[in-house]
Structures are given as structure tokens and as C-alpha cells.
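Please look over the structure shown here before reading on. The briefing that follows takes up strand pairing and surface charge in turn.

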Amino acid sequence: MNNQFVFLFDQSENGKKELLGGKGANLAEMTRIGLPVPYGFTITTAACNAYYEAGQIISPEVESQVLEALHTLETKTDKRLGDPANPLLVSVRSGAVHSMPGMMDTVLNLGMNDDTVEGMAELTNNPRFAYDSYRRFIQMFSNVVLKVDNFYFEQRLEDIREEKGYQSDTELTAEDWKQVIASFKSIVLKTAKRSFPEDPKEQLFLTINAVFDSWNNQRAVLYRRLHDIPGHLGTAVNIQSMVFGNMGDDSGTGVAFTRNPSTGEAKLYGEYLINAQGEDVVAGIRTPQPIASLQEEMPGVYQQLVDTCDLLENHYQDMQDIEFTVERGNLFILQTRTGKRTAQAAIRIAVEMVKEKIMDQREALLRVDPDQLGQLLHHRIDPDYQRQQLAAGLPASPGAATGQVVFDADEAEALSKDGKKVILIRPETTPDDIHGIVAAQATVTSRGGMTSHAAVVARGMGKACICGCDSIKIHLDSRQFIAGSTTVNHGDTITIDGSTGEIFLGEIPMIEPELSDEFQILLRWADEEAKMGVRANADNPVDAKKALEFGAGGIGLCRTEHMFMDASRIPTVQRMILSETTAERKEALDQLLPMQQQDFEQIFETMQGHPITVRLLDPPLHEFLPDKEELLVEVTKLQLTDPHSSVLEEKLNLLRKVRLLEESNPMLGHRGCRLGMMHPEIYEMQVEAIFNAMANVMDKGINVTSEIMIPLVSHVNELKKMRQLVTTIGEQIQRETGKSFDYLIGTMIETPRAALTADQIAEEADFFSFGTNDLTQTTFGFSRDDAEGKFLQHYVDRDVLKRNPFVSLDQDGVGKLVESGVTLGRKTKPNLKTGICGEHGGEKESIQFCFNLGLDYVSCSPFRVPSARLAAAQATIRYEQMNSIKEPQYN
């Protein structure tokens, strides 16, 4: 036998989670340590993959191994599948490598038919139990395997209860259940166009097929996408002898967590039902009892359950989610897995388990998912509130918000000043909308992706945002949007959840963020372990202050163009852009100089000596001008209504300039250092503002460490020219002020050529900051918003790409360019400072990659700083574990 596709629970060579799935591996482990686990076997994930490779057919080899394992199970239990005198009944459950609760299919009581039900009734002396179990099997098998909608069965059961005047299923007698079974079989024949299968082995293999098929059902695929679970892993199938919680009042079933999954409290948490099977707990037909009540009804069983929970938690060194059944007073453990938990609970559990000496600090840091921390920093929708989704898009920025719908940034700002809470709805946002995003509680766009303008800005502000919500149709002219059959008008109230991408009608209660003591303890441990710094992307004093509160070690990206977006400055900025001569442009720049200087002074004061990387103007100038299409409309109206007005002449001049500045591909056009090369007076003004601000802040006794970044350099000569511009002005202001400035000059590496010629560029650079958003665009040849809006999700869904490369760094392609940039740069300058300031700087897998390359820091939006601090610590620990050394050997 070349391939082993089936493993018994007590086989010594098992234990591989990737092969057995999480459930199968845990059942084998619990069997090994002597817990009361109903015996069985696991069909591996390899068999699932072979099933799909063969065109969704179970191979003869797998079938043979299943029958062999079934024979061992029959021998072990002294029962036979299909034997009327002593029938073996089994459960058939999925078991993926990563826990996917409820996403795939399960069938219980398999092996029942018209003969074995009579045998069960006689053996147990409980006909009601036997026929109840049989009707459950028919219903579950028919739904999962034969695809008969559960509605038909539930409706028929309801009709019979009403006919007999019963309030609940527990009142039905054995004769009643026989009537239900006959009705259910008729439903199957009518709906599935076939009779219910009586042969237990046919039942078994049809069910195995169905469980394999469920790996690719809609909800499983969506769950994998949401949790980044690879589609190639497949699911295992666990065949386990049945134990019964519906054999009377000394039997029951339940689910227990070893700690509270919502709060993390170290107290047994869960529910159970007397005289029931597992699906009764989750179906909601009967109201379960809190697990504490089991202590009164079955004190011995309760104590055994408590002892088992303690044993499993200590064994796995984590909070466990346990399914159990009590059969005639005997406890059986059906499953254990690492319990899903809230961020609040995850942190408390990790910290308390260190105090309880279940794990050490480093292990505790690895047990908390950095992605969860964002939940704690934003308002959240009350999870207990019943709500109905109106529409959904991309969860671009976490948090929740309620407000009145508005469709215009100016109106959002005006209403906000009047004390109104609003949510800005736009097809997409531009830098012109920044004031509306600032004023609104949240932003929703129908176009754009997770790193679109709206998403990046909202995350930087810690505001909730949904992007790419193409299920809503926005009508700006009538000021309404349509979602399905619902029309939402201007001024209507909606609630959005930026963590899930959902939109709801009306106001929904919120939960305030609370940062616990355990949160601070965990992050302190993270800082002790991390060997890589974490900075924040911040463009104003408010964001800078928030970054410090969240533990940032400096600012890794201060985008000066955002300072130009203030509504009061736009006219001056536009005058500067529209200038016909250098003299006119300098006049406008002279007016902007004190504004920029004030901005820098406030940020330098706020950061109190922490390093600040200031990026000189990056976007193309046309982004600061009105939209061409809107200008055309205004010009046309004026030509028809007031053709001789001075306003028309002004608008025509503006339209001419907009057309002059228009580019076929602005992302690759006249922007970044190319602006500085063509219009050095713009960069001269910004640099002068930086150095003047440094001098003034130093006069207040505050140290200032400034890193001046030249954007979009592709050739060393560009940086050489711009470096000379900066140093010339720096030397001049140092002479004028008598100050000595602590500053560096570097560049953002965001084009492939820059990464590939980094050894040359490093001759003129004191630091590199990798702008991986643009580097991803220029490497893939993707326009970010177009790609995310049109085809990128299709690529991810069909495994063309493992992840959206704008969310998680493409390590095989873009990552090689980053590696090249670091390696070549440090070949020229061994102590070259390197960091990353794209959105990837807050994503855990990208952070691990950056640490492995030896980058000095990552930079992300302020609200992602705590997550990045934890991820940096985890990156350090994992690197050291992998390399068995204390810390990475930087160049």
C-alpha cells in the first residue's frame, strides 16, 4: 500500500494536523491521553484532495481503507454496521486543518434503517429514543446528502405537533415518531426523486462524498476567504461511533469553553440540554441550560467535565472549545479545539495563563492574533443586538458608526459643524473630499479597494470605512442610494460596521472601546521582545498624538500633501499651480510657507524628539484642482446663461490649466521628485518650512530628529539633485539661526528600478523607506483601484493569487525587490536605515517578512500601531525559533 489515507484514532503514526485536520488530530490526541472518546477513524485531507483530482470520486484505494478501518471499529465496539441485532451507528463529521465551525457538513446516527431502528429499540428498551434518532438521521442525511431543504421536514414536524397539541418534540411518543418517519420518507421520494437509502454502507460513502463536497460550499469558501485559509488544504472526515444524549433524563449533550470566550474569565462557560442530541443545542428549538446547572442535575458528571476541561487546557496550553455527550450518566468527549474568542478575551486569557504558569510570556504573545487588536480601539456594534444586513462591501477600516446619509463632502463638513453625525456616501473619494472624511463618522464608497484613498485616509484617522460596496447604486443627482429593493435617501440614518463591511438601516447600539490592564501588559511584553521598531503614518498633530498614545516609536511617513488639502489653503495651492511664471508661483509659495511651517512645528512638538520622516510633495498637481468633468458642466451652463461674465472667463482659464496638467497615466507621470526637478521652488518652500520649524521648536528646548524623504526616485541623479537642494537650504538656515540640525536625507523606494539600482541610490541616501503600495502597482502593472474593483478579487477567489497583494505583501515578487533594495543599499552603506511605510507596514505576514530581511522599522496608520507592535514581537520570536539564535544577524 503506497498511500495511507485512513488512520484509526489510536494509531501511533497519527497526530499530523495537516493530514488529519484539527478535529481528527485532537480526537487522536485525546484518545492517546486516555480521555473517554468514542472510537473511530479519520479519512485524511490527502484523500479529499485525491477526491477532487479524480473528478469528485472516491478512489478504490480509499474505499478499501475505509472498509478496513470500519471493520476495526466494529471489532473494537463489538457492533456491526447494519446488524439489526446489535447495530453500530456512527457520526460523519468534517475536520479542516484550521477550525471552520459550522461551515461544512455533518451527519449523525448513520447506519439506521427500518431494521436497525427496531434493534435499537429492543436493545435500549427505549423505542421512543430509537425512532427519534432515526427521524433525526433521515432529516440530516436527506438535507446534507440528498439536498432536500430542511424547511419541508420542519414544516411537517410542526404540523404533526399541532395536530397532536404538543408544545415540544420531547412530548412525541415512539408511535408519533413512526408517523414522522413515514412522512419524512415521502418528502424524500417526492423532492429528491429517489427513495431513502436503507443500505448503511451506501449511506456511509454517500455521506463521505457530501462532506468532501462541503469543502467547497458557498459558506465554507467565504469563511476561508475571510480568514485567509488556503483552498488547497481540503478537509478530513471523521467517522466516530455514536453515543446518545437523547436516551432519557440521565443523558444530555452540550458545549463547554474552558474560559469565557467573550471576556476571558477563567470560569467554565457553556450550555447543555438534557435528553437531546448535539444539533438541538445549536438549532435553537429548545432553550439550553447554562453549564453551571449541570452541577445540580448531574454533580458527578459535572465534576468529571471540569477535571477534563482543566486537563485539556493544560495539555494544549490554550482555552478549549469542547463538545460532550452524556449517555446514561457516562461522559464522552466528542471534540476539543482551540476556542474562538474576542480580542478582549484573547488578551486576558494569554496574560492570565502566564500568571498561572501554563505558558511563558513569549508563548502568550504568539497566542494573540494581531489582527484582533483593532477591534479594541474602535466602537463596536453590540453583538447581542438583532440586526439585518442591508448591503456589504470591503471592510476597509474597522470600527462602527451611525449617522445621517450625505453625498457631498462640503455638506458633511457643514452638518458636522452643526453637531450632526453623518456618514459620507460617495462612488469614490479624492483628496478634495478629505474634509468630508474628517467631518463624517464614517465613509462608504461603491468603488475602490482596501487601499483606496478613502480606505487609507480613514484608517489613518481611525474612522470606520467600507469600500467597493458595488451592491449599492448611488444616485448623486437625486441624493439617494439603492440596495436591492430598498431606497435610502439623503438624511436617512444608517449604521455601518467597518470590521465586517456591513451596512444596516437605522441606529444600532454601540459598545465603547476599553483598553484593559492586560492589553497594556501584553504590549509591554511585546516591546520587550521586538527587535524591530514600529512607527506611525501621521500627517497632523492629532494623528501624531494618537500614534504616541498607541506606542509608536516615531513617524515613518508624514505626507505633506495632506497639509495642502485644508479647505482654507486650497485657493492658495491652486493659485500656485495655476501660476504662469516662476515669480507668480513663488509669490503663492511664500503664502504657503508659514502654513507649512506651523504644521511641522505642531508635529515636532507633539513627537517630543521621536524621529519623524517627512515626505516632500508626492501627488501630481492636477489632484489639487477641480474635477475636469464638473468644470465642463459649469462652463457649459455659464456659456448658455451668462456668456459675458468674468466668472466664465475664470472658469475657462481654470479648465485650460486642468487640461494642460491632465495626464494619461498620472500615477506614472509628473509627480514625486519629478515635480521637484521641474519646479524646485516647491520643494525649496517645503524644506525651508521644515528647517524653520526645527529651529523654532529647538528654541523651546525640544529635540527634533527629522528625516527628509524624496519620493519616487528612480535614478540616483534625481536624488543627487534633490539632496543638494535640501542641504543648501539646510546650511543656509543653520547659518541664519546658529542652530545645528539633526536630520537625514533619504528616499522612498517605490519603483522596480530604484530597488534594482539601490546600491547606486544609496550613495546619496541616508535611509530607504519602501513605499510598497506604489511598488506593488509598478511591479504588477496594476492600477490599484481598477484592479481591486474589477478583477483582483476574482484572482483571489480562484487561487490565481493567494492574497490581495495590496493587503499582504507579495513576497515572491515585490518582496524580492524589497530584498534587493535592502541588500544592495547596505552593500554601499552597511548602516543604511531601512523601513517600510506602505499599508503592508501594519499587516502581520508582511511584518514577519520585513523582520526577516532585517528592516529597522515598519510604519502604519496610528490605529494599527498596537497590532504592529505585537506582530513585530511575534516576528522576532518566530525568527529566533526558526534559526535557534537570540536575534537576527543584520548586515
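**Strand pairing and a charged patch**

Phe-768 has Thr-834, a residue of strand 30, standing opposite to it. This contact belongs to the pairing of strand 29 (residues 767-770) with strand 30 (residues 833-836), which run in the parallel sense and are joined over four bridges. The model is a predicted one, and the points below are grouped by topic.

**Parallel pairing around strand 30**

- Besides its pairing with strand 29 over four bridges, strand 30 also pairs in the parallel sense with strand 31 (residues 857-860), here over two bridges.
- Within strand 31, the residue that stands opposite Gly-835 is Tyr-857.

- Five strands make up an open sheet, in which the order is 8-7-6-9-10 and the pairing is antiparallel.
- The edges of this sheet are strand 8 (289-290) and strand 10 (330-338), each of which pairs on one side only.
- Strand 10 runs antiparallel to strand 9 (residues 320-327), and eight bridges join the two.
- One of the facing pairs here is formed by Gln-320 and its bridge partner Thr-338, the latter lying in strand 10.
- As a general point for reading such sheets, the side chains of a regular strand alternate between the two faces of the sheet.

**A hairpin**

- Strand 19 (residues 480-483) and strand 20 (residues 486-489) pair in the antiparallel sense, and four bridges connect them.
- Together strand 19 and strand 20 form a hairpin, with two residues between them.
- In the turn of this hairpin lies Gly-484, whose phi is positive, at about 65°.
- Across the pairing, Ile-482 stands opposite Thr-487, which belongs to strand 20.

**A negative patch on the surface**

- A patch of negative charge on the surface is where Glu-584, Glu-587, Asp-590, Glu-684, Glu-688 and Glu-736 gather.
- Helix 23 (582-607) and helix 27 (680-699) each supply at least two residues of this negative patch, and helix 23 gives the most, with three residues.
- Asp-590, one of the residues gathered in the patch, has its place in helix 23.
- Is Asp-590 buried or exposed? Asp-590 counts as exposed because its relative accessibility is 53%, and the cut-off for exposed is over 50%.

Conventions: Residues are numbered from 1 along each chain as its sequence is written. This is a predicted model: local features need pLDDT of at least 70, side-chain atom pairs count only at pLDDT 80 or more; totals for chains, interfaces and linings use all residues. Side-chain values use heavy atoms; hydrogens and water are left out. Patches are made of residues with over 30% relative accessible area and no salt bridge: like charges are joined within 9 Å, nonpolar side chains (Val, Leu, Ile, Met, Phe, Trp, Tyr) within 5 Å. Accessible areas come from the Shrake-Rupley method with a 1.4 Å probe; for residues, only the protein chains shown count as cover. A salt bridge is a side-chain nitrogen of Lys or Arg within 4 Å of a carboxyl oxygen of Asp or Glu. Lys and Arg count as positive and Asp and Glu as negative; His and the chain ends are not counted. The place of a charge is taken as NZ of Lys, CZ of Arg, CG of Asp or CD of Glu. Buried means under 20% relative accessible area, exposed over 50%, partly exposed in between (1.4 Å probe, protein chains only). Two strands pair if DSSP finds at least two bridges between them.
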